[in-house]
Amino acid sequence: MPPDDFTYVYILQSLQEPTRHYTGCTKDLERRLIKHNKGDVFHTAKYRPWKIETAIRFSSEEKARAFEKYLKSGSGREFARRHL
């Protein structure tokens, strides 16, 4: 498997408002952070700039999407708050 064939689940933290976080999923983590910080992502434009707080690499896109979905649930947000 090529080293760039991973899917990342990431948690961003707003530098403007440090209690504000955003969870997403991407194949290109650096490019995605640039888009968030340029204001190209509607859900994050208001609280930029952002930094990556946590990034987890998955070899399976399906597992990455499932984990992202979990992190966006109530129990997943609590898990991330405590452990990530």
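The legends below describe close-up views of a predicted model.

Residues are numbered from 1 along each chain as its sequence is written, and side-chain values use heavy atoms, with hydrogens and water left out. In this predicted model, local features need pLDDT of at least 70 and side-chain atom pairs count only at pLDDT 80 or more, while totals for chains, interfaces and linings use all residues.

**View 1. T54 in strand β3.** T54 sits in β3, residues 50-58; strands (E, at least two residues) and helices (H or I, at least four) are DSSP runs, numbered from the N terminus. T54 counts as buried because its relative accessibility is 12%; buried means under 20% relative accessible area, exposed over 50%, and partly exposed in between (1.4 Å probe, protein chains only). A polar atom of the T54 side chain lies 2.9 Å from the backbone oxygen of L84. Apart from neighbours within four places in sequence, T54 is in contact with V9, Y10, I11 and L84, where contact means heavy atoms within 4.5 Å.

**View 2. The buried face of helix α2.** In α2 (residues 61-71), the residues A64, F67, E68 and L71 are buried. They fall within an arc of 105 degrees seen down the axis of α2, so they line one face of the helix; the arc is that of the directions from the helix axis to the C-beta atoms. E62 and K69, on the other side of α2, are exposed. The cover over the buried residues of α2 includes β1 (7-14), β2 (21-26), β3 and α3 (74-83).

**View 3. R20 in the loop between β1 and β2.** R20 lies in this loop and counts as partly exposed because its relative accessibility is 33%. Not counting residues up to four places away in sequence, R20 touches L12, Q13, S14, Y47 and W50. The side chains of R20 and Y47 are joined by a polar contact of 3.2 Å; such a contact is a pair of N or O atoms within 3.5 Å, where within protein one must be able to donate a hydrogen and the other to accept it, and residues adjacent in sequence count only if both atoms are side-chain atoms. R20 and W50 are 30 residues apart along the chain, with 9.5 Å between their C-alpha atoms.

**View 4. The largest nonpolar core.** This core has 9 residues: F6, Y8, Y10, L12, Y22, L29, L33, Y47 and W50. A nonpolar core is a set of buried Ala, Val, Leu, Ile, Met, Phe, Trp, Tyr and Cys residues joined through side-chain atoms within 4.5 Å. The largest share of the core, 3 residues, comes from β1.
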